[in-house]
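Welcome, and please get your viewer ready.

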Amino acid sequence: HHAAGVPREGAAGGGAMTAAAQKLVFNLLRERNAPLNVQLLTDNLQSAKVKKSQVLKSVGALVSKGKITEKEYGKSKIYFLCQDTLEKPSKEEIAKLNAKADKLKQNLDEERTSLSSIKKELNALKHQMTDEQILEKTKALNEANKEKSAKLSKLQGKEADTISKEKFSETKNLLQQNVVLWKKYKGIFLDIWNTLLESMETAKESKLRVDIGIERDEDVGTLYSTYADLIKKRKLAPM
């Protein structure tokens with residue numbers, strides 16, 4: 001990027017050459033705004049054909065003019081731009097820079113919000129059902145709705161099964177009688193069964209029950225307590 005280079009030594013004398021070299025050295029230090037030694041300055045100015053000797057003379061002159069600062073670290077010397085010579089921005093320039101920074105921050109926040117929204121939308125799309133799944137779900141719901149509608153129509157319409165109060169009372173009394181008998185005969189059986197088990201101490205109850213062919217209430221999927229509680233709590237009432 002330093003293509004201009006340094007004028008050749010000759011008719012114009014060394015003045016133009018020295019001034020050009022100083023300008024290149026100064027501009028490089030200003031551009032980098034970092035401490036550099038003579039060798040690094042020479043390496044970076046190779047494309048401009050500035051020799052090491054020219055760099056040495058240039059840094060010496062720039063130090064004398066107060067444009068750059070020289071610091072010694074053991075045997076090596078580094079050079080950097082004098083911070084005091086840098087132009088300080090005006091209040092207006094600072095205000096403009098702050099406004100620009102605020103605008104950039106606002107843009108960044110908007111982009112982050114937009115990105116977050118897009119991520120949420122993508123995540124939601126991942127969990128949405130496909131068209132086929134929606135059709136299947138709709139079909140299943142329609143079928144279930146038809147079944148429930150048919151049951152409701154039956155209950156509300158002429159097809160509804162009705163029972164008279166007399167028939168209900170008769171059925172309820174019959175249930176009460178059977179529950180009483182159920183308890184009675186179950187008690188009689190248990191007395192006989194327990195006596196039998198005591199006389200056959202080595203017999204295993206479950207095996208003996210299977211061998212004889214005895215079925216308990218729970219074996220046939222019913223419980224005495226279900227019907228006893230139904231009558232006790234008076235849950236039975238005519239439709």
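Predicted model: local features only at pLDDT ≥ 70, side-chain atom pairs only at ≥ 80, totals over all residues.

Residues are numbered from 1 along each chain as its sequence is written, and side-chain values use heavy atoms, with hydrogens and water left out.

**Stop one: H6 with H8**

Select residues 165-199 for helix H6 and 224-232 for helix H8; they pack at about 135°, and their axes are 10 Å apart. Helices here are DSSP runs (H or I, at least four residues), numbered from the N terminus. The axes are lines fitted to C-alpha atoms over the stretch in contact, with angles from 0 to 180 degrees between N-to-C directions. H6 passes H8 in a left-handed crossing (the near helix is turned anticlockwise from the far one by less than a right angle; clockwise would be right-handed).

Now show side chains. On H6, the contact (heavy atoms within 4.5 Å) uses Leu175, Gln176, Val179, Trp182 and Lys183, and on H8 it uses Tyr224, Tyr227, Ala228 and Ile231. By class, this contact has seven nonpolar, one polar and one charged residues. Here Ala, Val, Leu, Ile, Met, Phe, Trp, Tyr, Cys and Pro count as nonpolar, Asp, Glu, Lys and Arg as charged, and the others, Gly among them, as polar.

**Stop two: H6 with H7**

H6 passes H7 in a right-handed crossing. Pick Trp193, Leu196 and Leu197 of H6 together with Glu205, Leu208, Arg209 and Ile212 of H7 to see the contact. It divides into five nonpolar, no polar and two charged residues.

**Stop three: the largest pocket**

Which residues lie nearest the centre of the largest pocket? Select Lys186, Phe189, Leu190, Arg216 and Asp217, from a lining of 13 residues. H6 gives the most to this lining, with six residues. By class, the lining has five nonpolar, one polar and seven charged residues. A pocket is an open set of points on a 1 Å grid over the protein atoms alone, with protein on both sides within 12 Å along at least five of seven lines; lining residues have an atom within 4 Å of a point.

How values were computed
Helix = DSSP H or I, 4+ residues; strand = E, 2+ residues; numbered from the N terminus. 1 Å grid on protein atoms, 1.4 Å probe; cavity = no way out; pocket = protein on both sides within 12 Å on 5 of 7 lines; lining within 4 Å.
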